[in-house]
Amino acid sequence: MAVKNLNPTVVITNLSFTYPGIDGHSPPGSTPLIDEFSLTLHSGDRCLLVGSNGAVDLFHASFHSKYSRIGSDLLVISPPSTEMLLWRRDVAFAGFEVPIQMDVFADKMIFGVSGVDPHRRAELIKVLDIDLSWRKHKVSDGQRRRVQICMGLLKPFKVLLLDEITVDLDMLVRADLHKFLRKECEERGATIIYATHIFDGLKSWPSHIVYVAHGNLQLAMPMDKVKEISNMSLMRTVEQWLRKERDEERKRRKDRKANGLLEFEKQVDGNRVAGGPAIDAVRATNNGWAAGRMHSIIAGEENFVFSSNRVLRQ
């Protein structure tokens, strides 16, 4: 029996997001990558988030920004007046690369998560078709991804954010995972926001669809309404939106060029920054460090001087 609650579980109000500079704050005068984004979802909703490359990733980045807060039954994202993000067990996230590649058995990782319902664990192992004897450095990316997903879903959630988690999965595992996630929404009243560019098996999965382009919400409606305005398949409908977006962007760049302006509004001259004013300018928009490194990636800078670790320790 489907669980449906009229109270919202996700409320996003006028969200704007810009990647921070070296000081942890948005550079003065920077253009928001996401602007005035608002969305409300309820218990049991399965929201499919679509857009071109980069568009949906920015949305998930903003979820982890400092303008978020989470209550026990409600995820709220609002402008800067709210408190810092407080992650709790009822909100889960899965996405990005699979870092688990050391020599360790799958069962060590899965059974190493404490406080788990053994029936739920057994179900996930079956759904994801995991061999507990897998050694993580001797299996494929898809098999490592299965273990990562299993560990992320072991404990029940109220809100789940998914970012391209099925990209490495084969057809059968992807289909079984979709069924499991749908059951979580229908039976437990969970809310899922699923960002993906892969539409295999998703024809009847989402209850709602959200389309993001140019940092703005273009469309948010129940799938039943989408089917009323389009007689094409889900994939062809989204393809039509993306082609229209791309054609508009190409026309805009062509018009700029015809008017003697730069084709792209933002230009990068080469891949190095040199000289006083130039390097001062790049510090406002480049935080100077790369993931997993302790040194600056700005050419000519001393190690650690402009790294995120130094900022965090100030």
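What joins the side chains of His208 and Ser207? A polar contact of 2.9 Å does. A polar contact is a pair of N or O atoms within 3.5 Å; within protein, one must be able to donate a hydrogen and the other to accept it, and residues adjacent in sequence count only if both atoms are side-chain atoms. The model is predicted: local features need pLDDT of at least 70, side-chain atom pairs count only at pLDDT 80 or more, and totals for chains, interfaces and linings use all residues. Residues are numbered from 1 along each chain as its sequence is written, and side-chain values use heavy atoms, with hydrogens and water left out.

His208 lies in strand S9 (residues 208–213). Beyond residues up to four places away in sequence, His208 touches Asp45, Arg46, Cys47 and Leu48, as well as Met221, Pro222 and Met223. Contact here means heavy atoms within 4.5 Å.

The protein holds nine helices and 10 strands. These are DSSP runs, numbered from the N terminus: helices are H or I of at least four residues, strands E of at least two. Of the 314 residues, 41% count as buried. Buried means under 20% relative accessible area, exposed over 50%, and partly exposed in between (1.4 Å probe, protein chains only). Among contacts with a separation of 6 or more, 64% come from residues 24 or more positions apart.

The largest nonpolar core has 42 residues. Such a core is a set of buried Ala, Val, Leu, Ile, Met, Phe, Trp, Tyr and Cys residues joined through side-chain atoms within 4.5 Å. Ile130, Leu153, Leu181, Ile192 and Ile209 touch the most other members. Helix H5 gives the largest share, five residues. At least three residues come from each of domain 1 (7–22 + 30–90 + 159–256) and domain 2 (96–156). The domain bounds come from an automatic or database domain assignment. A second, separate core has 16 residues, including Leu15, Leu49, Val210 and Val212.

Leu181 sits in helix H5. Leu181 is buried, at a relative accessible area of 1%. Leaving aside neighbours within four places in sequence, its contacts are Leu153, Leu160, Leu162, Ile192 and Trp205. Leu181 and Ile192 are 11 residues apart in sequence, with C-alpha atoms 8.1 Å apart.

Helix H5 (residues 171–188) also packs against helix H3 (residues 118–127). The angle is about 145° and the axes are 9 Å apart. Axes are lines fitted to C-alpha atoms, for helices over the stretch in contact, and angles run from 0 to 180 degrees between N-to-C directions. H3 contributes Arg120, Glu123, Leu124 and Val127. H5 contributes Val173, Asp176, Leu177, Phe180, Lys183, Glu184 and Arg188. Five of the contact residues are nonpolar, none is polar and six are charged. Ala, Val, Leu, Ile, Met, Phe, Trp, Tyr, Cys and Pro count as nonpolar, Asp, Glu, Lys and Arg as charged, and the others, Gly among them, as polar.

Most residues other than glycine have a negative phi. Glu164 lies in the loop between strand S7 (159–163) and H5, and is buried at a relative accessible area of 17%.

Ser38 is in strand S2 (residues 34–43). Ser38 is partly exposed, with a relative accessible area of 30%. The C-alpha atoms of Ser38 and Ala220 are separated by 9.7 Å, across 182 residues along the chain.
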